[in-house]
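Hello,

Here is the structure I promised to pass on. Please open it first, then read the notes below it.

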Amino acid sequence: MSDDMRAMLFEKVGSPLSMQRIPRPRPGPGEVSIQVEACAVCRTDLHVVDGELPDPRLPLVPGHEIVGKIVVLGEGVERFATGERVGVPWLGWTCGTCEHCLAGRENLCAQAQFTGYTRDGGYAEYCVADARYCFPVVGYSAEAAAPLLCAGLIGYRAYRMAGDGIHRLGLYGFGAAAHILAQVSVANGQELYAFTRPGDIQAQDFARRLGAVWAGDADQTPPVNLDAAIIFAPVGELIPTALSHVRPGGVVVCGGIHMSDIPSFPYRLLWEERRLCSVANLTRRDGVEFLDLAPRVPVRTQTQRYSLEQANQALEDLRHGRLIGAAVLIP
């Protein structure tokens, strides 16, 4: 096995990723080495390379929706075997001892490390991951499973935070996360309302094919008040818009890690016990629950395949809304 590998490196904000040969990483204690079979491309990757998320590890291998087979076990790893297919998500390491970790809220750990941001990720032929934050992947091909590792997991956490008793759910931004969550929502018997970029007829048609009872532009008013809305688009202006469309006692959940500034809005939009909250990262519980749920729905991911060398093109297609579903790199 070669001692080096191909990887797409992020070295400077404003510069494209570059294909380079770098040393193949070796697992330390508690880690596993993974041969990457697929890595989905996430909007968070755009936030990293555009400099909207501060202080990334540089040079960096981006990518945090990784599926691959374990090739080397680090010292002390017993829960996996070589040859086993696993997924690696955004949350890549936590301290395990702080008050948040001990309370089951490890997603808020102040010392947390993140795959493809502060740890090298999956835009490469191999990666190393903390075995605690790897999940067995069964019932899916690597390409089909990759979007589940962030678009699916973050979408699922946002869905949980929206609460119980939801009959009408709105999704703002109908990309990778929304197309997965839409299938869960429809399977649960909910009315789904999809909001897209103005004029994105293709995404609106896609939403209807997945079971949405209504699909329209993000600045349109739905025909009914919503019980909850989840915002995946990184557009702060959508918050007062979504609040204006949820019923009294309803909730608006912000599902992204970065969003443009939120404009001021009148208090009446929040009044009547409407709630506004954000989702931060994920927990291992989210991973276990969702990866058990997805094949039972069953969730079917819509993917567009790119070679590793085409990572910059995949990012640009995502940036400009030229994707239906999720982009996936196949090393």
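**Pockets**

By class, eight nonpolar, one polar and four charged residues line the second largest pocket. Keep in mind that this is a predicted model. The volume of the second largest pocket is about 180 Å³. Its lining has 13 residues, and P25, R57, R119, D120 and V128 are the ones nearest the centre. Two elements, β2 (18-23) and β8 (126-130), each give two or more residues to this lining. β8 gives the largest share, with three residues.

Now the largest pocket. Its volume is about 940 Å³. The lining takes in 47 residues. Look for R43, G173, F232, A233 and P234, which lie nearest the centre of the largest pocket. Among the elements that supply at least two lining residues each are β3 (31-41), α1 (43-49), α4 (151-162) and α5 (176-187). β11, α7 (238-245), α9 (311-319) and β17 (326-330) also belong to that list. By class, the lining of the largest pocket has 28 nonpolar, 12 polar and seven charged residues.

**Aromatic rings**

How many aromatic pairs does a search of the whole structure find? There are eight. W90 and F114 make one of them, and this pair is stacked. The ring centres are 5.0 Å apart, with 20° between the planes.

Where do the two residues sit? W90 is in the loop between β5 (85-88) and β6 (91-93), and F114 is in strand β7 (residues 113-114). The two are 24 residues apart in sequence, so the pair ties together separate parts of the chain. W90 has a relative accessible area of 3%, so it is buried. F114 is buried too, at 14% relative accessibility.

Next, find Y172 and F195. This aromatic pair is also stacked, at 4.0 Å centre to centre and 5° between the planes. Y172 belongs to strand β10 (residues 168-172) and F195 to strand β11 (residues 191-196). The pair links distant parts of the chain, 23 residues apart. Are Y172 and F195 buried or exposed? Both are buried.

One ring has a charged neighbour. R24 lies over the face of Y126, 4.8 Å from the ring centre.

Another tyrosine is worth a look. Y123 is in the loop between β7 and β8. Its relative accessibility is 0%, so Y123 counts as buried. Y123 and A146 are 23 residues apart along the chain, and their C-alpha atoms are separated by 12 Å.

**Salt bridges**

Side chains of opposite charge can pair when their charged atoms come close. The structure holds 21 salt bridges.

Start with D286 and R160. Their side chains meet in a salt bridge of 2.4 Å, N to O. D286 is in helix α8 (residues 284-293) and R160 in helix α4, so this bridge links distant parts of the chain, 126 residues apart. D286 is buried, with a relative accessible area of 0%. R160 is partly exposed, at 30% relative accessibility.

Then go to E191 and R168. The side chains meet in a salt bridge of 3.2 Å, N to O. E191 is in strand β11 and R168 in strand β10. The two residues are 23 residues apart, and the pair links distant parts of the chain. E191 is partly exposed, with a relative accessible area of 23%. R168 is partly exposed as well, at 26% relative accessibility.

Finish with R247 and D227. This salt bridge is 2.6 Å, N to O. R247 lies in strand β14 (residues 246-254) and D227 in strand β13 (residues 226-231), 20 residues apart. R247 is partly exposed, at 30% relative accessibility. D227 is buried, with a relative accessible area of 10%.

Which residues do salt bridges with shared partners join into one network? They are R6, E125 and E309.

Best wishes

Technical notes
Residues numbered from 1 in each chain as written. Predicted model: local features only at pLDDT ≥ 70, side-chain atom pairs only at ≥ 80, totals over all residues. Heavy atoms only, no water. Phe/Tyr/Trp six-rings, centres within 6.5 Å; stacked < 30°, edge-to-face > 60°. Helix = DSSP H or I, 4+ residues; strand = E, 2+ residues; numbered from the N terminus. Buried < 20%, exposed > 50% of the residue type's maximum accessible area, 1.4 Å probe, protein only. Lys NZ or Arg CZ within 6 Å of the ring centre and 35° of its normal. 1 Å grid on protein atoms, 1.4 Å probe; cavity = no way out; pocket = protein on both sides within 12 Å on 5 of 7 lines; lining within 4 Å. Points joined across faces, edges and corners; volume = space filled by probe spheres on them. Nonpolar A, V, L, I, M, F, W, Y, C, P; charged D, E, K, R; others polar. Salt bridge = Lys/Arg side-chain N within 4 Å of Asp/Glu carboxyl O.
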